[in-house]
Amino acid sequence: MTDYLKTQDIDNLIQIANQFTLQGKVTSVKAFGSGNINDTFLVTLDSSNEKYFVLQRINTQVFRQPELIMQNMCTFTGHVRNRLQLHPLNRRWEVPRVLFTKDDQDCCRDINGSFWRAISFIAGSQSFDTMQNIEQAKEIGYALGMFHNLISDLPPQRLADTLEGFHITPLYLQHYNEVLAKTSPCQSPEVNYCLKFVSDRQTFAHVLENAKATGKLPLRLMHGDPKINNVMFDISTQQAVSVIDLDTVKPGLVHYDIGDCLRSGCNPAGEETEAWEKVFFDTDLCRGILQGYLSVAQEFLTENDYTYIYDAIRLIAFELGLRFFADYLAENVYFKVKHREHNLARALVQFKLTESIESQEANIRKIIQDMK
Ligand code: GN1
Ligand code: MG
């Protein structure tokens, strides 16, 4: 997707947006957000009722069975809405709604076979790519805790696996080794740094899967992608009000989520920075996120869960670096890129972040320990 849309694309988009428009008229469709996989658009309506909705083209190269995503979303949103009706929270909390077409379908296919779906926009909210302050860190943590809490009574097998192998680090490592065997990457200092970085952490890559296999960590439902900009904040109260991007809500480990939330929330430079050498893991923000998270999650976390929090933070940063680096070597077939070296630059950021996490291990473990 480019930021610049041709008239013909806009006409096509308006036509698709119209399918999901039950009230009012579409006045504009604009590229929206910074997703690396799907194409996302914000649709504006002239309706006095709901002014915006989010229209997305699902990347079916990645999500091979997009209908499973919609099925999961309906199960998930239905469950959470019931829970909230039975036990209302004493603060604003929103669940994105799946929007249906005029023919009452949860998706539509265009003439090219692309898969489109629409979701409600959380009114009066915004998201951030980097953390603004500690209060916000606590809110991000609270949001993830609330998200986990609201699905803690939905049996994991009720949701389908929308993306096999997602967050299974040993599989990413295997894929990386396969790609590497087929390529001869240019020997720049950056590439050499990445090659060595991965080769030094081959055993570590198994830490969470081993814990899962030996029953130390139970299979639960997870979000899959709770990075900082998937948490929506109420513009007037500055409180977190929703966790969006529900495509990867599926059985997994809550540790993948904890790791993902912290690796994205505690990197003040953001994951798209060019200044990778300056990247560091901010332990004050880490404390803030964990405080917020545990204020809700304490109820369902076990002793073993606490034991693996540090490993999860380190692993998910490493894993994302590995995924970016493997995609760079494979010539950018998975993540959208703006230029050829984009995935290499992203990998360097995550590896530098991992290094910073490793160098502060004792401190991070103490933060976790003190919060029990
Ligand atoms: C992808 O498309 P987006 O930005 O929501 C990726 C996540 C990564 C993230 C890094 C399905 O998410 O796993 O953490 O990029 N999603 C998928 O920004 O691979
Ligand atoms: Mg996502």
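Guide: Welcome! Contact here means heavy atoms within 4.5 Å. Please keep in mind that this is a predicted model.

Visitor: Thanks! Which residues in H10 does H4 meet?

Guide: Helix H4 covers residues 169-182 and helix H10 covers residues 309-329. From H4, the residues taking part are Thr169, Tyr172, Leu173, His175, Tyr176, Val179 and Leu180. Their partners in H10 are Leu315, Glu319, Leu322, Arg323, Phe325, Ala326 and Leu329.

Visitor: Are H4 and H10 roughly parallel or roughly perpendicular to each other?

Guide: Their axes come within 10 Å and cross at roughly 25°. Angles under 35 degrees count as roughly parallel. H4 and H10 are therefore roughly parallel.

Visitor: And is the crossing of H4 and H10 left-handed or right-handed, and how many nonpolar residues does the contact have?

Guide: The H4 and H10 crossing is left-handed. By class, this contact has 2 charged and 2 polar residues, and its nonpolar residues number 10.

Visitor: How is H7 oriented to H10: roughly parallel or roughly perpendicular?

Guide: Helix H7, residues 254-265, packs with H10 with the axes 8 Å apart and an angle of about 70°. The range from 65 to 115 degrees counts as roughly perpendicular. So H7 is, to H10, roughly perpendicular.

Visitor: Which residues in H10 does H7 meet?

Guide: This crossing is right-handed. H7 brings His255, Tyr256, Ile258, Gly259, Asp260, Leu262 and Arg263. The residues of this contact divide into 9 nonpolar, 2 polar and 2 charged. On the H10 side, H7 meets Ile309, Ala312, Ile313, Ile316, Ala317 and Leu320.

Visitor: On to ligand 1. Which polar side-chain atom lies 2.5 Å from an oxygen atom of the ligand?

Guide: Of the 16 residues around ligand 1, those that come nearest are Asn36, Lys227, Glu271, Arg323 and Tyr334. For asparagine 36, a backbone N or O atom lies 2.9 Å from a ligand oxygen atom. Arginine 323, which also meets H4, has a polar side-chain atom 2.7 Å from a ligand oxygen. The 2.5 Å distance belongs to a polar side-chain atom of lysine 227.

Visitor: Which backbone oxygen does the side chain of asparagine 59 reach?

Guide: Asparagine 59 sits in the loop between strand S3 (52-58) and helix H2 (66-86). Leaving aside residues up to four places away in sequence, asparagine 59 touches Ile37 and Asn38. Its side chain, at 3.4 Å, reaches the backbone oxygen of isoleucine 37.

Visitor: Last one: which backbone oxygen does the side chain of glutamine 360 reach?

Guide: Glutamine 360 is in the loop between helix H11 (342-359) and helix H12 (361-370). Its C-alpha atom is 8.3 Å from that of threonine 283, 77 residues apart along the chain. Beyond residues up to four places away in sequence, glutamine 360 touches Phe281 and Thr283. At 2.9 Å, the side chain of glutamine 360 reaches the backbone oxygen of phenylalanine 281.

Definitions and conventions
Residues numbered from 1 in each chain as written. Chains lettered and ligands numbered in written order. Predicted model: local features only at pLDDT ≥ 70, side-chain atom pairs only at ≥ 80, totals over all residues. Heavy atoms only, no water. Axes fitted to C-alpha atoms, helices over the stretch in contact; angles between N-to-C directions. Helix = DSSP H or I, 4+ residues; strand = E, 2+ residues; numbered from the N terminus. Parallel < 35°, antiparallel > 145°, perpendicular 65-115°, else oblique. Left-handed = near helix turned anticlockwise from the far one by under 90°. Nonpolar A, V, L, I, M, F, W, Y, C, P; charged D, E, K, R; others polar. Near = heavy atom within 4 Å. Polar contact = N/O pair within 3.5 Å; in protein donor to acceptor, adjacent residues only side chain to side chain.
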